[in-house]
Amino acid sequence: MRLAELSERSGVSTATIKYYLREGLLQPGRRVSATQAEYGEGHLRRLRLVRALIQIGGVPVAAAREVIAAAEDESLDHHLRLGAATRALPSAGAPAEDDPAVATARRSVEALLERLGWSSGGGLDMHNPAHRRLIDSVAALARLGYPCDTEQLLPYGQLAAQLAVTDLDMVEEQPTPTGQIEAAVALTVLYEPVLLSLRRMAHAEESARRF
């Protein structure tokens with residue numbers, strides 16, 4: 001397809017597509033003349049992925065470029081390539097080590113991971129943005145006096161483990177490694193709002209049932 005059709009099918013303006021091409025977020029098309037190129041279904045999938053990262057996930061252009069680069073870096077193992085999207089999403093900085101609530105949260109999170117049997121070797125260390133955010137969130141609960149010890153956190157971790165199986169099953173349905181990486185990015189960016197929305201709707205249903 002030509003640029004105009006790519007724009008129409010993707011819902012992304014031609015000016016934005018050209019910007020993504022300049023920034024290295026979209027691979028160049030096949031040149032058919034000095035001024036024109038053709039694009040295929042792979043370009044359309046990539047464009048939708050970039051749009052999900054930047055417009056829905058709030059990922060900065062530079063970080064989105066890193067996700068794309070990691071997804072294409074065959075020197076990385078498949079696990080690291082699949083995790084590129086999670087590491088690029090906006091996240092909090094490192095928790096303050098001199099905060100007593102952070103120390104309490106860190107102990108709770110470490111005990112939780114041990115109960116769940118999750119290994120730090122799988123990427124669950126302080127270099128993982130999700131790990132840092134979890135500690136920050138648990139610390140905020142501790143400061144306000146809400147229950148947040150291992151027993152209170154365990155049901156959330158167990159549900160997350162079940163969801164991870166569902167997510168990775170969906171990823172594995174893609175027939176190629178590149179397709180799996182694109183699916184992992186889309187699931188990370190697009191399914192988290194789905195999960196949050198369903199949780200809030202479930203709260204409303206349970207509240208109506210109880211009260």
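A residue is called buried when its relative accessible area is under 20%, exposed when it is over 50%, and partly exposed in between, using a 1.4 Å probe and protein chains only. The legends below concern a predicted model, in which local features need pLDDT of at least 70 and side-chain atom pairs count only at pLDDT 80 or more, while totals for chains, interfaces and linings use all residues. Residues are numbered from 1 along each chain as its sequence is written, and side-chain values use heavy atoms, with hydrogens and water left out.

**View 1. The protein chain as a whole.** The protein chain has 10 helices and two strands, where helices (H or I, at least four residues) and strands (E, at least two) are DSSP runs numbered from the N terminus. Read along the sequence, these elements follow the pattern α-α-β-β-α-α-α-α-α-α-α-α. The C-alpha atoms fill a box of roughly 65 × 45 × 30 Å, taken along the principal axes, and of the 211 residues 33% count as buried.

**View 2. The annotated region, residues 1-70.** An unreviewed UniProt entry gives the annotation "domain: HTH merR-type" to residues 1-70; its positions are stated in the numbering used here, its feature names are shortened, and such annotations may be inferred rather than shown by experiment. Over residues 1-70 the chain of the model is 61% helix and 6% strand, with the end C-alpha atoms 27 Å apart.

**View 3. Helix α3 and what covers it.** Helix α3, residues 41-56, has 16 residues and reaches 21 Å from its first C-alpha to its last, close to the 22 Å expected at 1.5 Å a residue, the expected span being 1.5 Å times one less than the number of residues. Its buried residues are His-43, Leu-44, Arg-46, Leu-47, Leu-49, Val-50, Ala-52 and Leu-53. What covers these buried residues includes α1 (3-10), α2 (14-22), α4 (61-72) and α10 (177-210). After α3 comes Gly-58, whose phi is positive, near 70°.

View 4. Ile-56, Leu-190, Tyr-191, Val-194, Leu-198 and Met-201 make a nonpolar surface patch of about 560 Å². The largest share of this patch, five residues, comes from α10.

How values were computed. Contact means heavy atoms within 4.5 Å. Patches are made of residues with over 30% relative accessible area and no salt bridge: like charges are joined within 9 Å, nonpolar side chains (Val, Leu, Ile, Met, Phe, Trp, Tyr) within 5 Å. Accessible areas come from the Shrake-Rupley method with a 1.4 Å probe; for residues, only the protein chains shown count as cover. A salt bridge is a side-chain nitrogen of Lys or Arg within 4 Å of a carboxyl oxygen of Asp or Glu.
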